[in-house]
Amino acid sequence: MSGMKILVVSETDACCGPMAAAFLRDYSPKLEVVSAGRNPLQTVDSLLVEAMHECLVDLDGYVPRDVEELDGLGFDAIYDCPDWPCPQTLEAFRELRDFIKNEAFLFFRKLQ
């Protein structure tokens, strides 16, 4: 798993993708993880940033990327985020964050 490059793909790269990528990076410093979206938004929601701050993850200033920009960069694995709409409340972001954290961990375990 050393030096493994992982691409996290989501629809907008403004919600689930940045969360999953952050958690995967926390699970192992040996992983190089980036996220991107099929239809990226311009920014991430401030409630997402707040919910992730509670887990000591800083997504301030995160700019969603287009998956097309990363085509051909030679990723070892792709994590396709669950298709879940971005929440509208902080509590809903927390629920989604916890769900994504668990899903990302299950993906991480399969890599080992």
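Tutor: First, a definition: an angle between axes under 35 degrees counts as roughly parallel, over 145 as roughly antiparallel, 65 to 115 as roughly perpendicular, and the rest as oblique. Bear in mind that this is a predicted model.

Student: At roughly what angle do the axes of α1 and α3 cross?
Tutor: They cross at roughly 50 degrees, and the axes come within 9 Å. That is why α1 and α3 count as oblique to each other. The crossing of these two helices is right-handed.

Student: Which residues of α1 and α3 meet there?
Tutor: From α1 the contact draws on Cys16, Met19, Ala20, Phe23, Leu24 and Tyr27. Their partners in α3 are Phe93, Leu96, Arg97, Ile100, Lys101, Ala104, Phe105, Phe107 and Phe108. Sorted by class, this contact of α1 with α3 has 13 nonpolar and 2 charged residues, with no polar ones.

Student: And how do α2 and α3 cross?
Tutor: Helix α2 spans residues 46-53 and helix α3 residues 90-111; their axes come within 9 Å and cross at roughly 55 degrees. So α2 and α3 are oblique to each other, and α2 passes α3 in a right-handed crossing. On the α2 side, the contact is made by Leu47, Leu48, Glu50, Ala51 and Met52, and on the α3 side by Leu90, Phe93, Arg94 and Arg97. By class, the contact of α2 with α3 has 6 nonpolar residues, 3 charged and no polar.

Student: Let's turn to single residues. Is alanine 21 buried or exposed?
Tutor: Buried means under 20% relative accessible area. Alanine 21 has a relative accessible area of 1%, so it is buried. Alanine 21 lies in helix α1, residues 16-27. Leaving aside neighbours within four places in sequence, alanine 21 is in contact with Val8, Val33 and Ser35. As for histidine 53, it is 32 residues from alanine 21 in sequence and 15 Å away in space, C-alpha to C-alpha.

Student: What is a disulfide, and how many are counted here?
Tutor: A disulfide is a covalent bond between the sulfur atoms of two cysteines. The working cut-off is a pair of cysteine sulfur atoms within 2.5 Å, and by this rule the count comes to 0 disulfides. Take cysteine 81: the nearest cysteine sulfur, that of cysteine 16, is 5.5 Å away, and cysteine 81 is in no disulfide.

Student: Are cysteine 81 and cysteine 15 buried or exposed?
Tutor: Cysteine 81 has 8% relative accessibility, so it counts as buried. Cysteine 15 also counts as buried, at 3% relative accessibility.

How values were computed:
Residues are numbered from 1 along each chain as its sequence is written. This is a predicted model: local features need pLDDT of at least 70, side-chain atom pairs count only at pLDDT 80 or more; totals for chains, interfaces and linings use all residues. Side-chain values use heavy atoms; hydrogens and water are left out. Axes are lines fitted to C-alpha atoms, for helices over the stretch in contact, and angles run from 0 to 180 degrees between N-to-C directions. Helices (H or I, at least four residues) and strands (E, at least two) are DSSP runs, numbered from the N terminus. A crossing is left-handed if the near helix is turned anticlockwise from the far one by less than a right angle, and right-handed if clockwise. Contact means heavy atoms within 4.5 Å. Ala, Val, Leu, Ile, Met, Phe, Trp, Tyr, Cys and Pro count as nonpolar, Asp, Glu, Lys and Arg as charged, and the others, Gly among them, as polar. Buried means under 20% relative accessible area, exposed over 50%, partly exposed in between (1.4 Å probe, protein chains only).
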